[in-house]
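Hi everyone, thanks for making time this morning. Let me put the structure up on the screen, and then we'll walk through some contacts together.

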Amino acid sequence: MGEVIVITSGKGGVGKTTTTANLGVALAQLGLKTCLVDADIGLRNLDVVLGLENRIVYDLVDVVEGFCRLRQALIRDKRLDGLSLLPAAQTKDKTAVTPEQMRAVTEELRQEFDYVLVDSPAGIEQGFKNAIAGADRALIVATPEVASVRDADRIIGLLEAAEIPPARLIVNRLRPGMVRKGDMMSVDDIVDILAIDLIGVVPEDEQIVVTTNRGEPAALSHDSRAGESYRAIARRIRGDEVPFAEMDEPAGFFGRLRRIFGQA
Amino acid sequence: MLNLFGRNQSRDVAKNRLRNVLAHDRADTSPEFMEHLRNDVMRIVSEYVEVGGQGVDLQLQSVEDHVALVANIPVKQLRRRGRQGNN
Ligand SMILES: Nc1ncnc2c1ncn2[C@@H]1O[C@H](COP(=O)(O)OP(=O)(O)OP(=O)(O)O)[C@@H](O)[C@H]1O
Ligand SMILES: [Mg+2]
């Protein structure tokens, strides 16, 4: 029986879909059968990030409305054994699916897959409620910005209320250089404020833009820093102890100075 | 926390603003939170003073760059001995 994990954030555009696609790739690379579910109905994106947009026949709404069987809607990624996508509908809206229907779909998927990753839409409305409906646990994506961390805090509260076990945090788009200069919150700052466990840090990486342009997630190749981070997170999801690279530690002369003065 | 030009580092400003806004958010989104806090304060304070009027009034207020928990507790009279003195 597989596990259902929702990837959510509250705030839009912080990297949920990018994270879902790359973690799917990284988990499949570990030999774990993984299904990605695009729960962002009406704003389908996961298919293009994965480069699978031309292969869609049926979607999530077709499944819940009984137009097709679940198996028929799944798209297998030919590049990578064990990775599948259940696409969202592009023409419907969030109310086309109920939380109960969503739970039924994820229940069926977990019979067949080791991991089911659900890409949540932004916000806290129906789309979010659908996305968390069948989840055993949650990963929260936040960028080192006030609005993103604030929204993450709200989401943590809502997940608690929904009795989904403590979520873990992915800090995305970290720029270590800016942190060192004191111009960006550090991972520790964010973890401290949100008081949840960290599962990974993904740096700001131009390769994300390049690989997304091509529809070939960064984690597919071994030459990007972000890809490295996703592989580490995938192993932590599986339960491995993977040490955290010290990405935002103060370095160099000023870093040491700051540390001496206790401001690190 | 000041840089060479005497300005607060934006990282620290961000942290501080977040702490403040989250204090209010958390209190607003969970009415029971303030209610429980009020009840607990009432319980402890009552061991020392006889609380009068409407009882304990608790509020989160933004004061300059931080959030303060402000309590207004009307006192009818002090008890002769506080909790420690009673045992
Ligand atoms: N680590 C990163 N480095 C650089 N760019 C990134 C990184 N993560 C995400 N991005 C970029 O940020 C943008 C938003 O990412 P994405 O679509 O994954 O966010 P989202 O949270 O799914 O958005 P939405 O709320 O609209 O669903 C994309 O252009 C993506 O390429
Ligand atoms: Mg998205």
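Let's start with B:Lys15 and A:Asp189, whose side chains meet in a salt bridge, 3.2 Å from N to O. By salt bridge I mean a side-chain nitrogen of Lys or Arg within 4 Å of a carboxyl oxygen of Asp or Glu. This pair crosses between chains: B:Lys15 sits in helix α1 (residues 10-29) of chain B, and A:Asp189 in helix α9 (residues 187-194) of chain A. Helices here are DSSP runs of H or I with at least four residues, strands are runs of E with at least two, and both are numbered from the N terminus.

Are these two partners buried or exposed? B:Lys15 is buried, with a relative accessible area of 16%, and A:Asp189 is buried too, at 6%. The cut-offs are under 20% for buried, over 50% for exposed and partly exposed in between, using a 1.4 Å probe and protein chains only.

A word on what you're looking at: this is a predicted model, where local features need pLDDT of at least 70 and side-chain atom pairs count only at pLDDT 80 or more, while totals for chains, interfaces and linings use all residues. Residues are numbered from 1 along each chain as its sequence is written, chains are lettered from A and ligands numbered from 1 in the order in which they are written, and side-chain values use heavy atoms, with hydrogens and water left out.

How confident is the predictor? The complex gets an ipTM of 0.83 and a pTM of 0.89. Chain B averages a pLDDT of 86, with 89% of the residues scoring at least 70; pLDDT is the predictor's per-residue confidence, from 0 to 100. Where pLDDT is low, the predicted coordinates should not be read in detail.

Now the interface as a whole. On chain B, 14 residues are in contact with 19 residues of chain A, contact being heavy atoms within 4.5 Å. About 1500 Å² is buried between the two chains, and carbon and sulfur atoms give 52% of that; this is the accessible area, with a 1.4 Å probe, that the two parts lose on being put together, summed over both.

How many salt bridges cross the interface of chain B and chain A? The rule finds five. The side of chain B that touches chain A has five nonpolar, three polar and six charged residues. One more bridge to look at joins A:Arg150 to B:Asp25, with the closest N and O atoms 2.6 Å apart.

Over all chains, the search finds 19 salt bridges. Within chain B, B:Arg38 pairs with B:Glu35 at 2.8 Å between the closest N and O atoms. These residues are three apart in helix α2 (residues 31-45) of chain B, so about one helical turn separates them. Both are partly exposed, B:Arg38 at 23% and B:Glu35 at 38%. Back at our opening pair, salt bridges that share partners join A:Asp189, B:Arg11, B:Asp12 and B:Lys15 into one network.

Within chain A, A:Asp47 bridges to A:Arg44 at 3.2 Å. Here A:Asp47 is buried at 5%, whereas A:Arg44 is partly exposed at 22%.

Last stop: A:Val141, in strand β6 (residues 137-142) of chain A. A:Val141 is buried, with a relative accessible area of 0%. Leaving out residues up to four places away in sequence, its contacts include A:Ile7, A:Val14, A:Lys16 and A:Ile170.

Conventions: Ala, Val, Leu, Ile, Met, Phe, Trp, Tyr, Cys and Pro count as nonpolar, Asp, Glu, Lys and Arg as charged, and the others, Gly among them, as polar.
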